[in-house]
Amino acid sequence: DGDVYKYYADGEWKKSSSGKSVAIINPTTRKTQYKVQACTQEEVNKVMESEKTAQKSWAKTPLWKRAELLHKAAAILKEHKAPIAECLVKEIAKPAKDAITEVVRSGDLVSYTAEEGVRILGEGKFLVSDSFPGNERTKYCLTSKVPLGVILAIPPFNYPVNLAVSKIGPALIAGNSLVLKPPTQGAVSALHMVHCFHLAGFPKGLISCVTGKGSEIGDFLTMHPGVNCISFTGGDTGIAISKKAGMIPLQMELGGKDACIVLEDADLDLVAANIIKGGFSYSGQRCTAVKVVLVMESVADALVKKVKEKVAKLTVGAPEDDCDITPVVSESSANFIEGLVKDAKEKGATFCQEYKRDGNLIWPLLLDNVRPDMRIAWEEPFGPVLPVIRINSVEEGIHHCNASNFGLQGCVFTKDVNKAMLISDAMETGTVQINSAPARGPDHFPFQGLKDSGIGSQGVTNSINMMTKIKSTVINLP
Ligand code: G3P
């Protein structure tokens, strides 16, 4: 069946023996856009075997050669930005320009990872024993960073390319092999991206990409004894994975309810611009999107007016036309968002625009006077709907932020840097942005969430360190 995309294993493109496929629905047309193989558990077992073998010799490949291949893959990825971006537009309705940016950013990320890897993996430590009480200088300890083995990478639909390479790059430079399980929406973009690594000439079996139904291979992959580390970005399935996974390192980023705290002295034009960018880019389908605005009552009217004016200017429509607001990823996602909107309506939120939906397309919506008894005050819509909660003190804002079960990022707007620092210290989130919207990038910055937002820390350096283990050799002198 020629129109089903093949999966990638052993350096080859393969059809699954299941004879079954998984359909990828274009969020805009709501029709099947692509089909991918529904891989079987037996195929996953085979992949794990070849990954294990490939990793052994890859770990012995000189570090500079591993870096060279990654640089090559990065260049090929950038050369293929147009066809990959086209898939992103069709599979996940990412606006055309943002889709190109995602691929270019990914190429840069892979190159940066190669450079960072040769530096941090190229050095180890040398310790002597006589610094610890009771010891003579008779032991020399040499440490280096060794790979973990087979890394399982599970990226989410919103960055199927960028959040895949942010796992692939660190895994490979450190001498690991890698199995990629792409999200269904985004699987074809991921397969194209993997093809760039194929063209770069990585050894057979070192990278695999298995597609299929979560119900068939999801748990099977995450609980597979051949997996030595899981790097997952996505929703609360991550919590379930963490409970089932074995004694292996986990790196997870599971969403957020990023608060934007606005003080009385804030530059309201700057705040409004950042609320638009932070709350509505890619229609709010970012873990780091601004998901609740906590604004001091005295400046709330003025801020809401400014944001409203900017919302009116957002273009709404097809990703091909590079509209700001495009259809959300699936019908169930649109239904979920609608549920939050209805709940807010029933409980008396002020609608700054009329609620409008056509299929998966939801018009941008700002909800003012949201109260803590509304679901939207706590849940992440992952859509273009943004609640505003009016606060009477900074403490009230910090309290709301910290009462969330999430703790990814947050931001604070004020001209008083001393206040900003104190608020940053008080916010229980992995990152606080002062005078700008939350964002993961630049991609080498540390990226981490507290509480239900995740385990471990990402960013190029942190990911390389996380995907390695310290190995010591002690020389005992007579
Ligand atoms: O939603 C995934 C998260 O990593 C967001 O990344 O670059 O949009 O801040 P970014």
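Predicted model: local features only at pLDDT ≥ 70, side-chain atom pairs only at ≥ 80, totals over all residues.
Helices here are DSSP runs of H or I with at least four residues, strands are DSSP runs of E with at least two, and both are numbered from the N terminus. Residues are numbered from 1 along each chain as its sequence is written.

I'll start with the loop residues. S283 sits in the loop between α9 (268–280) and β14. S283 is not a glycine, yet has a positive phi of about 55°. As background, most residues other than glycine have a negative phi, and most peptide bonds are trans. Is S283 buried or exposed? The terms go by counting C-beta atoms, placed from the backbone: 20 or more others within 10 Å of a residue's own is buried, 12 or fewer is exposed, and in between is partly exposed. S283 has 34 other C-beta atoms within 10 Å, so S283 is buried.

D322 is another non-glycine with a positive phi, in this case about 60°. D322 is in the loop between α10 (297–312) and α11 (331–346). With 17 other C-beta atoms within 10 Å, D322 counts as partly exposed.

There is also a cis peptide bond, between G441 and P442, with omega about -5°. P442 belongs to the loop between β22 and β23 (447–448).

The residues around the ligand are N158, Y159, R286, C287, T288, A439, R440 and G441. A residue is taken as near a molecule or strand if its C-beta atom, placed from the backbone, lies within 6 Å of it. By class, this shell has 3 nonpolar, 3 polar and 2 charged residues. Here Ala, Val, Leu, Ile, Met, Phe, Trp, Tyr, Cys and Pro count as nonpolar, Asp, Glu, Lys and Arg as charged, and the others, Gly among them, as polar.

Next, the sheets. Strands pair if DSSP finds at least two bridges between them.

C260 has V293 of β14 as its bridge partner. Which residues cover the two faces of β13? A259 and I261 are on one side, C260 and V262 are on the other, and all are buried. Strands β18 (residues 365–368) and β19 (residues 385–391) are also parallel, joined by 3 bridges. L365 is opposite V385 in β19.

Contact between two residues means C-beta atoms, placed from the backbone, within 7 Å.

Another open sheet has 3 strands, ordered β1-β5-β4, again with mixed pairing. β1 (4–5) and β4 (21–25) are at the edges with a single partner strand each, so one side of each has no neighbour in the sheet. Helix α6 packs on this sheet, touching β1, β4 and β5, and its direction makes about 55° with that of β5.

In this sheet, β4 and β5 (residues 32–37) are antiparallel, joined by 5 bridges. A23 is opposite K35 in β5. V22 has V36 in β5 as its bridge partner. β1 pairs with β5 in the parallel sense over 2 bridges, and Y5 also stands opposite V36. The hairpin of β4 and β5 has 6 residues between the strands, and R30 in the turn has a positive phi of about 60°.

Back to α6 (residues 187–200). Its 14 residues reach 20 Å from first C-alpha to last, close to the 20 Å expected at 1.5 Å a residue. The expected span is 1.5 Å times one less than the number of residues. Of the 14, 10 are buried, including H192, M193 and F197. G201 follows α6 and has a positive phi near 90°.

Last, α3 (residues 81–92). Its 12 residues should span 16 Å, and the end C-alpha atoms are 16 Å apart, which agrees. Buried residues in α3 include I84, L88, K90 and E91. The buried residues of α3 pack against β4, β5, α4 (96–120) and α6. A93 follows α3, with a positive phi near 55°.

Note on methods
Axes fitted to C-alpha atoms, helices over the stretch in contact; angles between N-to-C directions.
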